[in-house]
Amino acid sequence: MLKVMSEKELAQKSVEYRKKILKYIYQAKAGHTGGSLSCIDILNVLYNYTMHVDADHFDSPDRDRYIQSKGHTVEALYVVLASRGFFPEPDLETLCQYQSHYIGHPTRKVHGVEQNTGALGHGLSLSVGTAIAGKLDKRDYRVFTVLGDGELPEGSNWEAALSASHYKLDNLCAILDKNTLQITGSTSAVLNTDPVDDKFEAFGWAVRHVDGHNIKELMAAFDALPFEKDKPSLIIAHTVKGKGVSYMENQLKWHHGVPDKQQYADAIQELDELLA
């Protein structure tokens with residue numbers, strides 16, 4: 001079962017996760033580095049503080065559910081699942097290799113993954129359906145999903161947002177990893193969805209803003225769920241793409257950039273200094 005971590009322990013765990021994300025992307029020579037580093041603090045707090053889910057009871061009908069809508073940043077999810085014992089961490093040595101289950105998007109062939117995702121814009125719809133099922137079955141589980149701000153223009157997100165409000169899904173929490181960059185440019189330049197808070201509130205959601213790298217703020221936001229009775233909750237997490245590695249932060253090229261040997265060494269040194 002979940003051993004709840006303190007704020008200090010969670011902060012240290014985030015640094016360790018960042019090192020592992022970089023390690024496996026570097027070894028695989030493939031991956032989505034920037035977005036994995038921007039959402040890892042969110043996944044850390046979800047899996048080590050908030051959600052009722054564990055490897056030994058993953059078939060429990062009462063477990064909390066997590067669906068990663070921005071599936072391309074699966075490296076963040078893999079390292080968290082490994083640390084929670086869903087599979088041996090050495091399995092990640094096969095990341096993106098032929099016949100490995102540890103591919104570039106979440107697949108249910110990996111223990112701990114709820115849904116196959118990666119085609120952007122579908123995670124919220126899957127989460128809405130899962131939350132409706134919980135209400136119909138009179139279960140107390142909660143459903144969490146992390147969205148990328150680059151995927152918000154997909155129309156299915158807004159159909160799902162309407163449905164979540166209509167069915168009063170206060171057992172649903174979406175977290176927006178708002179790092180403001182996507183594969184071809186800034187989200188505001190590609191297709192602006194701001195003001196996101198006003199839009200979701202108009203669709204009937206309860207919304208809060210947090211610093212997506214502030215462990216204390218994330219813990220407090222998850223503790224406050226649901227923000228309003230009979231309303232789905234949206235946490236807008238303001239993040240930095242490539243967070244934790246100075247030369248990667250806010251740099252578009254690191255959307256799916258892979259560090260070379262020297263860049264990898266420099267990144268690990270920076271992160272090690274945070275642990276010192």
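**Helix contacts and cores**

Mentor: Tyr-17, Lys-20, Ile-21, Tyr-24 and Ile-25 in α1 meet Glu-75, Ala-76, Val-79, Val-80 and Ser-83 in α3. Contact here means heavy atoms within 4.5 Å. Helices (H or I, at least four residues) and strands (E, at least two) are DSSP runs, numbered from the N terminus. This is a predicted model, where local features need pLDDT of at least 70 and side-chain atom pairs count only at pLDDT 80 or more, while totals for chains, interfaces and linings use all residues. Residues are numbered from 1 along each chain as its sequence is written, and side-chain values use heavy atoms, with hydrogens and water left out.

Trainee: At what angle do α1 and α3 pack?

Mentor: The angle is about 120°, and the axes of α1 and α3 are 9 Å apart. Axes are lines fitted to C-alpha atoms, for helices over the stretch in contact, and angles run from 0 to 180 degrees between N-to-C directions.

Trainee: Which residue classes make up the contact of α1 with α3?

Mentor: That contact has seven nonpolar, one polar and two charged residues. Ala, Val, Leu, Ile, Met, Phe, Trp, Tyr, Cys and Pro count as nonpolar, Asp, Glu, Lys and Arg as charged, and the others, Gly among them, as polar.

Trainee: Where is Phe-87?

Mentor: Phe-87 is in the loop between α3 and α4 (123-136). Phe-87 is classed as buried because its relative accessibility is 7%. Beyond its neighbours within four places in sequence, Phe-87 is in contact with residues including Tyr-78, Leu-81 and His-111. Phe-87 and His-111 are 24 residues apart in sequence, and their C-alpha atoms are 6.7 Å apart in space.

Trainee: Back to α1. How does it cross α8?

Mentor: The axes of α1 (residues 7-28) and α8 (residues 215-223) come within 9 Å and cross at roughly 115°. Glu-7, Leu-10, Ala-11 and Ser-14 in α1 meet Ile-215, Lys-216 and Met-219 in α8. By class, this contact has four nonpolar, one polar and two charged residues.

Trainee: New topic. How many residues are in the largest nonpolar core?

Mentor: The largest nonpolar core has 60 residues, and Ile-175 and Phe-222 have the most contacts inside it. Such a core is a set of buried Ala, Val, Leu, Ile, Met, Phe, Trp, Tyr and Cys residues joined through side-chain atoms within 4.5 Å. Helix α2 (residues 33-50) gives the largest share of this core, nine residues.

Trainee: What is Phe-222 in contact with?

Mentor: Leaving aside neighbours within four places in sequence, the contacts of Phe-222 include Ile-42, Val-45, Leu-46, Phe-144 and Ile-175. There is also a second, separate core of 21 residues, which includes Leu-124, Val-207, Leu-234 and Ile-236.

Technical notes. Buried means under 20% relative accessible area, exposed over 50%, partly exposed in between (1.4 Å probe, protein chains only).
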